[in-house]
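Good morning, and thank you for making the time.

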Amino acid sequence: MKKYICTSAVLWLLMFAFCSEVNAQADTTKLTKKELKKKKKEQAIKDGKLIITPLAGPAYTPELKFTLGGGGILSWRNSKTNDSLPRSSMPVMLAFSTTGATTLSFRPTTYWNNDKLRINGDYWFKAMPDNYWGIGYENGYNIKQSDSTTEYFRTWYQIRTDVLFKAKPNFYIGAYTDVNYTKGKDETDMIKADENYIGFNDRPFNVGFGPEFIYDSRDVPVNAYKGLYLNFLAAFYDDVWGSDNSYQMYILDYRQYKSVGSRSGQVIAWQMKSRLAFGELPYGEMSQIGTPMDLRGYTWGRYRDKSMFYFLAEYRHKFLKADGTESKSGMVGWIGAGTVFDLERSEAYNNQALWLPNYGIGYRLEVQPRMNVRIDFGIGRETAGFYFNFNEAF
């Protein structure tokens with residue numbers, strides 16, 4: 001694993017070194033063309049036009065191993081006259097891994113009608129060799145990963161959309177919609193004997209709806225320097241609207257951002273998030289940690305149960321140029337911890353080993369105004385990961 005992580009880091013360093021060498025050798029004409037291109041881009045951003053920044057790079061995560069991803073970030077403003085309206089954005093990523101996995105994701109964040117309407121989404125597709133340890137912290141911690149115990153092939157997609165209307169300044173109400181599908185095959189004998197897998201693998205399709213309430217005072221939602229974000233949503237999955245399974249899910253997400261120091265670009269951010277689920281919950285819909293948006297460094301899906309909780313604290317720092325202005329580069333560092341549990345199993349609260357510590361560092365490169373490429377190295381209890389993604393984790 002360390003070899004793959006080091007290889008990824010070396011590739012990134014070589015790419016940055018190559019770009020620096022090309023820039024150093026550029027003649028005056030090319031520098032002028034570069035300046036003109038920069039001014040043209042700045043004017044397009046000011047006019048709210050569509051900007052596309054293509055990007056590609058390597059990564060290493062515990063579940064996908066060495067991965068090469070490509071895509072970009074699209075941004076635009078849904079108003080020609082309101083300069084204060086945040087730019088809508090949509091990171092897009094297609095990745096292929098050495099395990100044979102294919103992943104595709106779209107994560108739009110959009111603002112309409114002078115921010116009286118917000119439509120956000122989280123759209124994923126994965127077809128990948130994967131591992132399944134069973135339900136509960138104990139299984140994730142005690143069962144050893146191997147081709148004879150935990151391996152199977154998983155196909156998964158999720159289509160999640162939030163439609164939110166402004167009720168008062170900074171306060172939004174709306175509806176949450178989730179359509180998801182998880183199907184396993186080529187499973188080991190251990191997985192075939194798992195009660196939840198047996199009971200739900202032939203019932204892979206889930207549809208849920210519910211209300212959502214948000215308070216959001218962040219200055220720039222995708223990369224806040226200050227402000228508060230509170231989100232409460234409830235989703236109800238039922239065969240009434242075609243779901244194969246019936247269960248309920250509740251999410252409470254609290255984030256806060258505070259600028260520190262004597263200049264902008266120095267931010268302390270923290271988050272606490274909980275997902276509580278009840279009912280006939282299939283293995284693919286269990287609460288999980290270890291995603292690129294929370295405890296980076298853990299295997300996504302190793303620790304799963306009906307409910308989860310985690311907290312993160314992150315320091316974000318933008319570097320300065322020689323002339324004292326902010327550069328496009330920055331670093332972050334974070335610490336956190338999380339756990340998975342079932343509210344009906346009271347013994348889960350008496351085991352201190354349930355907490356999963358997490359920490360890491362990352363590099364940020366601003367490719368559009370307040371929109372970053374992020375490269376994170378996260379460390380868990382027994383695993384580590386090197387992530388290439390867009391915008392902040394939270």
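In what follows, a contact means heavy atoms within 4.5 Å. Please bear in mind that the model before you is predicted.

Let me begin with Arg87, which lies in the loop between β2 (65-76) and β3 (88-97). Leaving aside residues up to four places away in sequence, Arg87 touches Ala44, Ile45, Gly48, Lys49, Ile51, Ser75, Trp76, Arg77, Tyr111, Gln368 and Met371. Arg87 is buried yet has no salt bridge. Which side chain of opposite charge is nearest to Arg87? That is Asp47, at 8.9 Å. What the side chain of Arg87 does reach is backbone oxygen: that of Lys49 at 2.9 Å, and that of Ile45 at 3.2 Å.

I turn now to the salt bridges. Side chains of opposite charge can pair when their charged atoms come close. How many salt bridges does a search of the whole structure find? The search gives 23, and I shall discuss three of them.

In the pair formed by Glu280 and Arg203, the closest N and O atoms are 3.4 Å apart. This pair links distant parts of the chain, 77 residues apart: Glu280 sits in the loop between β12 (266-279) and β13 (287-288), and Arg203 in the loop between α5 (195-200) and β9. Glu280 is partly exposed, with a relative accessible area of 44%, and Arg203 is partly exposed at 31%.

Arg296 and Glu314 meet in a salt bridge at 3.2 Å, N to O. Here again distant parts of the chain are linked, 18 residues apart, with Arg296 in the loop between β13 and β14 (304-305) and Glu314 in strand β15. Are these two residues buried or exposed? Arg296 counts as buried because its relative accessibility is 0%, and Glu314 is buried at 1%.

The side chains of Lys318 and Glu326 also meet, at 3.6 Å, N to O. Lys318 counts as buried at 12% relative accessibility, whereas Glu326 is partly exposed at 26%. Elsewhere, salt bridges that share partners join Arg296, Glu314, Arg316, Arg364, Arg374, Asp376 and Glu392 into one network.

Finally, the surface. Phe171, Ile173, Phe213, Tyr215, Leu230, Phe232 and Leu252 form a nonpolar patch there, with about 570 Å² of accessible area together. The elements that contribute two or more residues to this patch are β8 (171-185), β9 (205-216) and β10 (227-237). One member, Leu230, is placed in strand β10 and is partly exposed, with a relative accessible area of 34%.

Note on methods: Residues are numbered from 1 along each chain as its sequence is written. This is a predicted model: local features need pLDDT of at least 70, side-chain atom pairs count only at pLDDT 80 or more; totals for chains, interfaces and linings use all residues. Side-chain values use heavy atoms; hydrogens and water are left out. Patches are made of residues with over 30% relative accessible area and no salt bridge: like charges are joined within 9 Å, nonpolar side chains (Val, Leu, Ile, Met, Phe, Trp, Tyr) within 5 Å. Accessible areas come from the Shrake-Rupley method with a 1.4 Å probe; for residues, only the protein chains shown count as cover. A salt bridge is a side-chain nitrogen of Lys or Arg within 4 Å of a carboxyl oxygen of Asp or Glu. Helices (H or I, at least four residues) and strands (E, at least two) are DSSP runs, numbered from the N terminus. Buried means under 20% relative accessible area, exposed over 50%, partly exposed in between (1.4 Å probe, protein chains only). Lys and Arg count as positive and Asp and Glu as negative; His and the chain ends are not counted. A polar contact is a pair of N or O atoms within 3.5 Å; within protein, one must be able to donate a hydrogen and the other to accept it, and residues adjacent in sequence count only if both atoms are side-chain atoms.
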